[in-house]
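Biologist: I would like to learn how to read aromatic rings in a model. Please walk me through it.

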Amino acid sequence: MAGLHRWLFPRLNHRKIHTTSRKINMNSPDLPELFQPPVNRSMQNLDKSFFRKVVPLAAASVSDLKQITNVRKELEKSGDMLKIHPIKPLRDDETKLGAKCFLLAPQINAHEPKTWSPTIAKLVEIKLAKLRTYDLTITYDDWTMHNILEAILPEIPDEEKETPAGFAQVGHVAHVNLRTPYLPYKYLIGQVLLDKNPTISTVINKTFDVGAESVFRTFPYEVLAGPDNLDVVVHESGCEFRFNFGKVYWNSRLGTEHARLFETFQEGEAVCDIMAGVGPFAIPAGKRKVFVRANDLNPDSYASLQDAILRNKVNEFVTASCEDGRDFIRKATLELAHTPRKVLLKPKPKVSRNANEEEKKAREEAAKKSERTLVEPSAFSHYVMNLPASAIEFLDAFKGVYHGRELEFVPHTPQKLPFIHLYLFQAKHPTDEQEHQEVCERISDHIGTEVRMGDPKLEMEIRYVRLVAPKKKMFCASFRLPASVAFCAP
């Protein structure tokens, strides 16, 4: 076959007469107008039949099915084949029994040889292919979510445009924050999102900003499509969480930030997670054999946190509380000093199925010898404060939290004072330095002593997390608890 292929196409000049031979997607900005859906910006109720469109193309019909592979290779090399994902270029040729045909690029006209490439001309000349017209039918199901939304939503200025295609997904729920120009189309948008995303069964629109109506960072919402069911299952960092998205706070976009922080925790350390939510820091940390005392004031978050502890089998390392964060800082610190936990780590012996009794016994004894006990330390290594709207207001709770315990820390022992990881919102400024300076000033005001970048005792780092609004950023400020605050009289 290879010899025949070389004889049929000797040193063929694959001159490309088309604009591109690369594959493009249906939602690509380079999609030819011929393949774009019909536009109706006054549609209020989704009419799927409106999006049926017939696209006239040329096709290379191949009768000898043994030559399908050879013909495909040549059409791909020359860039003549239609390359728009997910349209399949190989089709049955309904004009000839048993024949197949390849859809060709839209610039090729079956009846005008001047539009043919040398490859197509050669295929026709040696009668391996015959050009014919082909009416390609594209329907609502073929176009992407972006295609449909672009065809039905109003044209608004770029500075105001925030495409609903940029939804966030939590479990089976998609949630959007529709801007005013899109509100008349909200149910239409919801149905398109539902249709085009197989893992989504409910679409909601947040009607207020998170936390605008609730100290628990929950939000009022309206259902745009699907049932009003916000009981979701979410997987993050190898852990499973189950909760009602309408009753607790969860942001899927923060998964990377969660991992960045809990991966800094070391096995055997103690962590105080003050505003823990359903446990995106606490549960993965527990899996890493980190002792975590986690808390959230929201009863629904507390219930889901308890569930996650059991579901992910970290109950030996993670405990849950439901109380005010300021009280929890002092209570957890005191309890840690007086009631440390111990966990016996028992490695499972690796025994082959074919091992005899003697080998099994030897493996078990070796595993038992490697058993070890982790003892929870008497002081926290980290405090996590993940309530960016108001966590900074809780810093005064650290005043005197280690009063009378100076001998437990540097310079008397190797133990350093704990890190505080404070999440907060900060107004956007022209430079990073201005933003960092203001963050330090705000922290200083609330904690009662000067906190500044460059202080070697504080080891301070301010990390940008994400842009929350055009003029508001989210940061994580990590710094060691100042000695003047930790040891002062409460």
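**Rings and their neighbours**

Modeller: Start with a charge over a ring. Arg-326 lies over the face of Phe-394, 4.8 Å from the ring centre. The rule asks for NZ of Lys or CZ of Arg within 6 Å of the ring centre and within 35 degrees of the ring normal. The model is predicted, so local features need pLDDT of at least 70, side-chain atom pairs count only at pLDDT 80 or more, and totals for chains, interfaces and linings use all residues. Residues are numbered from 1 along each chain as its sequence is written, and side-chain values use heavy atoms, leaving out hydrogens and water.

Biologist: Over which ring does the charged end of Lys-206 sit?

Modeller: Over the ring of Phe-219, at 4.7 Å from its centre.

Biologist: How is a pair of aromatic rings described?

Modeller: By the distance of the centres and the angle of the planes. Rings of Phe, Tyr and Trp (its six-membered ring) pair if their centres lie within 6.5 Å; planes under 30 degrees apart are stacked, over 60 edge-to-face, the rest tilted.

Biologist: How many aromatic pairs does this rule count?

Modeller: The count is 13 aromatic pairs. One of them is tilted: Phe-241 and Trp-250, 5.3 Å centre to centre, with 45° between the planes. Phe-380 and Tyr-383 are edge-to-face, at 5.2 Å and 65°.

Biologist: Is Phe-380 buried or exposed?

Modeller: Buried, with a relative accessible area of 0%. Buried means under 20%, exposed over 50%, partly exposed in between (1.4 Å probe, protein chains only). Tyr-383 is also buried, at 0%.

Biologist: Which residues do ring pairs link into a cluster?

Modeller: Phe-50, Phe-51 and Tyr-140.
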